[in-house]
Amino acid sequence: MKLFKVKLERYQCGRKLPWEKQDVVEALEAPEIGKSKILMTVPPIEERITAVEEIELSVDYTNSLHSIALKIIERNRKLFKKQVFIESNEKSVTERIKFVKWYIATHDAPLDELLYDLSEFYLHISYDRLIRMLKDQNVIKDVDKC
């Protein structure tokens with residue numbers, strides 16, 4: 001389905017009336033210019049499509065939210081690997097801590113929201129476990145305020 005901006009004008013006895021309307025229509029194909037319908041008035045009024053413009057959406061709303069979130073997660077992981085050097089023999093906990101520090105430093109949101117994102121989407125560990133891990137590594141001094 002596509003969205004179209006449609007301009008309608010009214011005509012009576014072949015003359016254009018001082019009336020027009022713009023409407024948004026969802027359809028598979030663009031409505032035909034010149035297509036009309038007759039309103040049951042005396043004398044009859046013809047409502048005619050005079051312009052059609054396809055609306056381009058900046059975001060593809062046909063994708064699921066899950067697929068959009070996966071694209072964002074993958075993009076962030078690639079950015080992290082480009083910006084932060086990880087040694088091949090590094091422990092996964094150290095890599096996670098580096099990722100947490102990088103994520104907090106590069107994203108503009110309240111700390112508790114960032115920690116929820118990290119626990120749910122990136123690290124797949126509970127929020128409480130993430131807090132304990134951060135306390136153990138002294139990454140954040142006053143975690144209880146989160």
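These questions and answers walk through a predicted model.

Me: Over how many bridges do S1 and S2 pair?
Reply: S1 and S2 form a hairpin with two residues between them. Within the pair, glutamate 9 stands opposite glutamate 20 in S2. The sense is antiparallel, and the count of bridges is 10.

Me: What is the bridge partner of arginine 10 in S4?
Reply: Strand S1 covers residues 2-12. S1 pairs with S4 in the antiparallel sense over nine bridges. In S4, the partner of arginine 10 is glutamate 47.

Me: How many residues does the hairpin from S3 to S4 run through?
Reply: S3 and S4 pair over four antiparallel bridges. Isoleucine 38 has glutamate 46 as its bridge partner in S4. Leucine 39 is partnered there by isoleucine 45. The hairpin joins the two strands through a link whose residues number five.

Me: Which residue is joined to valine 42 by a cis peptide bond?
Reply: Most peptide bonds are trans. Here the bond is cis, with omega about -15°. The place to look is the loop between S3 and S4. The residue joined to valine 42 is proline 43.

Me: Is cysteine 13 buried or exposed?
Reply: Cysteine 13 sits in the loop between S1 and S2. Its phi is positive, near 55°, though the residue is not glycine. Its relative accessibility is 63%. The cut-off for that class is over 50%, so cysteine 13 counts as exposed.

Me: What is the phi of histidine 124 near?
Reply: Histidine 124 lies in the loop between H3 and H4. The residue is exposed, at 59% relative accessible area. Most residues other than glycine have a negative phi. For histidine 124, phi is positive and near 55°.

Me: Which residues does alanine 30 contact, leaving aside neighbours within four places in sequence?
Reply: Alanine 30 is in the loop between S2 and S3. Its relative accessible area is 44%, so it is partly exposed. Its C-alpha atom is 7.5 Å from that of glutamate 54, which is 24 residues away along the chain. The contacts asked for are Phe4 and Val52.

Me: At roughly what angle do the axes of H1 and H2 cross?
Reply: Two packed helices are described by the angle and the distance between their axes. H1 spans residues 65-83 and H2 spans residues 92-106. Their axes come within 11 Å and cross at roughly 105°. That angle makes H1 and H2 roughly perpendicular, and the value asked for is roughly 105°.

Me: How many residues of the contact of H1 with H2 are nonpolar?
Reply: H1 brings Asn76, Leu79, Phe80 and Gln83. H2 meets them with Glu95, Lys98, Phe99, Trp102, Tyr103 and Thr106. Three of these residues are polar and two are charged, and the nonpolar ones number five.

Me: Which residues does phenylalanine 99 touch, not counting residues up to four places away in sequence?
Reply: Phe99 is in H2, where it takes part in the contact with H1. It is also one of the residues with the most contacts inside the largest core. The residues it touches are Phe80, Leu118, Tyr122 and Leu123.

Me: How many residues make up the second, separate core?
Reply: This core includes Phe4, Val6, Ala27 and Ile49. Phe4 is also one of the contacts of alanine 30. The number of residues in the second core is five.

Definitions and conventions:
Residues are numbered from 1 along each chain as its sequence is written. This is a predicted model: local features need pLDDT of at least 70, side-chain atom pairs count only at pLDDT 80 or more; totals for chains, interfaces and linings use all residues. Side-chain values use heavy atoms; hydrogens and water are left out. Buried means under 20% relative accessible area, exposed over 50%, partly exposed in between (1.4 Å probe, protein chains only). Contact means heavy atoms within 4.5 Å. Two strands pair if DSSP finds at least two bridges between them. Axes are lines fitted to C-alpha atoms, for helices over the stretch in contact, and angles run from 0 to 180 degrees between N-to-C directions. Angles under 35 degrees count as roughly parallel, over 145 as roughly antiparallel, 65 to 115 as roughly perpendicular and the rest as oblique. Ala, Val, Leu, Ile, Met, Phe, Trp, Tyr, Cys and Pro count as nonpolar, Asp, Glu, Lys and Arg as charged, and the others, Gly among them, as polar. A nonpolar core is a set of buried Ala, Val, Leu, Ile, Met, Phe, Trp, Tyr and Cys residues joined through side-chain atoms within 4.5 Å.
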